[in-house]
Amino acid sequence: ARGEEKRSYCCCLRELKRVPKCHVELEPLAFSRTHTIFIDVNEFRESRKLRPQPGQPVWHKDFVKMPFSPECHIRKTGFVSNTEVVRWQEVSKQLDNLARKTNASVADIEKAIKKYNPKYEDQWSFDALHAFVQKAPKEENYYSSVLPKMAKLASNLPNWIPKAIPLLQKGQSRSITLSQMQIACLLANAFFCTFPHRNSQNPRAEYHNYPTINFNSLFGVWSEKKREKLRALFHYFHTVTNQATHLQGLVTFERRCIRDKDMPNWMSCKETLPKLYITSKGCIEEEGTGMLQVDFANNMIGGGVLGSGLVQEEILFLMNPELIVSRLFTERLGDNECLFIKGSQQFSGYCGYSDTFEWAGPHRDDIPRDEWMRLHRQIVAIDALHFRQMREQYNMGQITRELNKAYCGFKPDDNIPSDYIPDIATGSWGCGAFNGDPKLKALIQLMAAAKVQRNVAFFTFNNVSLEKDLKNMYDLLVSQKTTVGKLYELLGDYCAVTRLTSSPVDLSVWLRNTLEPRSQLSKPPASRLIK
Ligand code: AR6
């Protein structure tokens, strides 16, 4: 039986392409109609300095409403009458007070935040933050010294980012490039809940179609999970306020939207499946370093990272907190959209998962940078459909939606020679919190990867039987030279059959019975066997 198991068309990990080895030299960094850059590009080109680009905030529906905009007011209730004051006056007063304290307490922070968010005085709880600081072990108890530094960083927002940040809105393909220090400053503001108009949960609220960004939701409802989240985030702030010299790079956030008419006609795709490396050991972010790493996203980017969620996307965002800033400007992703993030830094390591998740200490990120001083890390956020009932997914409408979503995330930039395109590191996308069928979703991702001619490293995350089943399914399809178009047609038949049965037939079994009714497995050629 051992000999049998070894016969597979699957490839080895070292056969797959990664950056920086397969990196193609970039054009010089430059603004364009669809790319907003927040540093002075000329200076960057001449001396690699990351000086903020001058500009003005804009109080407009297409831009992030900044807390220091002169149009941003708060109402102060007095004994006799109410007055309106410019909100930044109050915010910077509070932040400057905190910055001057040598030992800021959580009570000081709570008081400060509520001063400029008076509406939430009775609604926001800080019990988790209080418990966190109280219970922190001695060696980690640097909070009272880091908080004033964070307040100072936050109050410098008008200097770090004077220019208006465009929102990455639905239906647009556009990018934003920020320096890592600018991101740290924005996140410090998120921590102190300074962003205006971002707190209402009302479906009619101005930003109802955007994720939340202010950190208030992290501060209430104490749990062990919250503790681990706060450890990771405080470690990030501790690092950025102490070792700013290490934050010498840029990060790009790119929203991509593909119009329906530019989506593939799946039925007529002639491509066969790409190379596949599959393993139950390891995970996307470690063994997949240098490949395009898939974020199993929520359509509200970052999902529950600022609340109670703690699965793949949230963990990724906690290990790489710069990703969290995407919540500030990324509107809910549509079915034909995704978000790429290039250059984010990993600050922490972790162990466990979900309820057993633990922050495992600092991570030294020593991957090299590209010509734009971005770390060679590429992440793509694609949100699968959330199936309340497993059965809902066996339907060609849903399958086509998932194929198009994966295609949008996997499609490389135009005009890059294929030798310079890294392969894809993924796994059971949509099959945890979102209840998808791991075999169907793996096939969908392989079909989308085939269409864009990228190979796949697939991590089943300790699931040994899934590894085996996917390997067998893949071997069958490769041995039969099954095209994407043919698979699409087969999936149509599979859905039809599944609709007629009370419990879904296993996809890999059904494919085997359909493609090989006599179970005549053709043997792979000796040259493709893994020794
Ligand atoms: N590498 C490889 N596989 C992993 C990793 C990893 N690092 N982490 C988890 N898995 P899930 P979804 C496997 O549930 O179903 C979030 O709240 C693991 O087997 O995170 O697409 C988002 O914000 C896990 O069961 O993805 C969304 O709201 C499976 O991948 C929602 O969850 C799926 O991970 C998305 O849920």
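**Note on the aromatic contacts**

1. Tyr143 and Phe234 are both buried (under 20% relative accessible area with a 1.4 Å probe, protein chains only; over 50% would be exposed, and in between partly exposed). Phe132 is buried too, like Phe234. Bear in mind that this is a predicted model, where local features need pLDDT of at least 70, side-chain atom pairs count only at pLDDT 80 or more, and totals for chains, interfaces and linings use all residues. Residues are numbered from 1 along each chain as its sequence is written, and side-chain values use heavy atoms, with hydrogens and water left out.

2. On ring pairing, the rule is centres within 6.5 Å for Phe, Tyr and Trp (its six-membered ring), with planes under 30 degrees apart called stacked, over 60 edge-to-face and the rest tilted. That gives 23 aromatic pairs. Phe132 and Phe234 count as stacked, because their ring centres are 5.6 Å apart and their planes sit at 10 degrees. This pair joins helix H5 (residues 127-135) to helix H10 (residues 224-242), 102 residues apart (helices are DSSP runs of H or I, at least four residues, numbered from the N terminus).

3. Phe234 also meets Tyr143: centres 4.7 Å apart, planes at 65 degrees, so edge-to-face. Tyr143 is in helix H6 (residues 143-155) and Phe234 in helix H10, so this contact ties together parts 91 residues apart in sequence.

4. Phe132, Tyr143 and Phe234 belong to one aromatic cluster, whose members also include Phe126, Tyr142 and Phe347.

5. Then the charges over rings (NZ of Lys or CZ of Arg within 6 Å of the ring centre and within 35 degrees of the ring normal). Arg48 has its charged end over the ring of Phe44, 4.6 Å from the centre. Arg198 lies over the face of Tyr207, 4.4 Å from the ring centre.

Note on methods. Helix = DSSP H or I, 4+ residues; strand = E, 2+ residues; numbered from the N terminus.
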